[in-house]
Amino acid sequence: MSRVIWMVIDSVGIGALPDSEKFGDVNVNTLGNIVKTYKDIKIPNMINLGLSNIEGVESLESINNPKGSFGRAKEVSKGKDTTTGHWEMTGVLVETPFKTYENGFPKEIIEEFERKTNRKVIGNKPASGTAILDELGEQQMKTGEVIVYTSADSVFQIAAHEDIIPLDELYRMCEIAREIMMGENAVARIIARPFIGTPGSFERTANRRDYSLSPFEDTVLDNIKNANLDVIGVGKIEDIFNKQGITEAIHTKDNMDGVDQTINYMKKDNKGLIFTNLVDFDSKYGHRRDVEGYKNALEEFDARIPEILENMKDDDILIINSDHGNDPTYKGTDHTREYIPILIYGKNVVNGYNLGTRNSFADIGATVADILNVDSPKNGKSFKNEIIK
């Protein structure tokens, strides 16, 4: 086995973790509550791989003879965000939560940012990304000021209209913010949030970029790269790891583009890892509490699974999992702390094997390392020997 296709269906959680209430989440269940709302949801291909047979997935009827192995995993790290989830699944545990700014950023940080970018700041508060455009987008266009905002996540987000502030300048402002938000001020991510449109109909574009902290120790991606294998990041993977451990990357405009680019790489002669993040579930539907949109996105992805399977080589292994929850039926706009599903498929994978509940997301990365015969990351326990024929 020389290649793993690892796809993260961003934010598709499957039920509250035992400690979820400590994170403000009560009775959350991203997949379960979507299914309860839309009982006619059609995701037969994920069900066929074993989704409905996973422990705790009670909203879907289990099937006989799933054609994949399946299970769920707990999060050990102290968080429920993209960076924390992805780092843990690749072997790095976040013991101390990333810093958040519930009341906006301190005056001295904003003043330094304004001085170095030569742009005035408006906003500077926690906000929904779409709501703050409705509130301040017109002012941003008229004045050339830049919208800075945060959320319950550890993020410093910068929004500007593409016709008013060119993308190159916006990205440079993010680099400046990244330099400022280090050390005791460090946030997990600086995010460029360009938008287009006119007042009343603003729309965020696919030119988003994330400027993450670098993982503070080697991940499984580093180990694969160091073994002279490919580590191909599709979507925002490159951003999440600040390019560390990545050999090639491509950004995507939406989920279906992410699937298209994954399949394009599957058709090529590469060895190692194709690592894809499909972010629309989270960014377009979870945070916006759009239950119907989330349900439609799940159906749209599910419909592409046969095409993904058809393009697998005989020795390929496909892994599909999430990185946290974002229950669109829950209050607020924040992520939710949940178990994540794990689905594994390949001609060498045991059909219908139940992995049960894994004690850490890191078990997935340890398994990827084991499959590719590279050094294991610091954390995680491989389940390769349980699932491989």
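**A buried aspartate and a listed site**

The side chains of D210 and R189 are joined by a polar contact of 2.9 Å. Keep in mind that this model is predicted. D210 belongs to strand 8, which covers residues 209–212. Its relative accessibility is 4%, under the 20% cut-off, so D210 counts as buried. Leaving out residues up to four places away in sequence, D210 touches R189, I190, I191, K236 and D239.

Now turn to the listed site. An unreviewed UniProt entry gives D282, H287 and H335 as "binding site". These residues spread over 54 residues of sequence, yet they cluster in space, with a largest C-alpha distance of 8.3 Å. D282, H287 and H335 also belong to the lining of the second largest pocket.

Take D282 next. D282 sits in helix 10, residues 280–286. D282 has 4% relative accessibility, so this residue counts as buried. Beyond residues up to four places away in sequence, D282 touches D10, S11, T82, H287, H324, N326 and H335. That list includes H287 and H335 from the UniProt set.

H287 lies in the loop between helix 10 and helix 11 (291–310). At 22% relative accessibility, H287 falls between the 20% and 50% cut-offs, so H287 counts as partly exposed.

Key: Residues numbered from 1 in each chain as written. Predicted model: local features only at pLDDT ≥ 70, side-chain atom pairs only at ≥ 80, totals over all residues. Heavy atoms only, no water. Helix = DSSP H or I, 4+ residues; strand = E, 2+ residues; numbered from the N terminus. Buried < 20%, exposed > 50% of the residue type's maximum accessible area, 1.4 Å probe, protein only. Polar contact = N/O pair within 3.5 Å; in protein donor to acceptor, adjacent residues only side chain to side chain. Contact = heavy atoms within 4.5 Å. UniProt positions renumbered as here; feature names shortened; annotations may be inferred. 1 Å grid on protein atoms, 1.4 Å probe; cavity = no way out; pocket = protein on both sides within 12 Å on 5 of 7 lines; lining within 4 Å.
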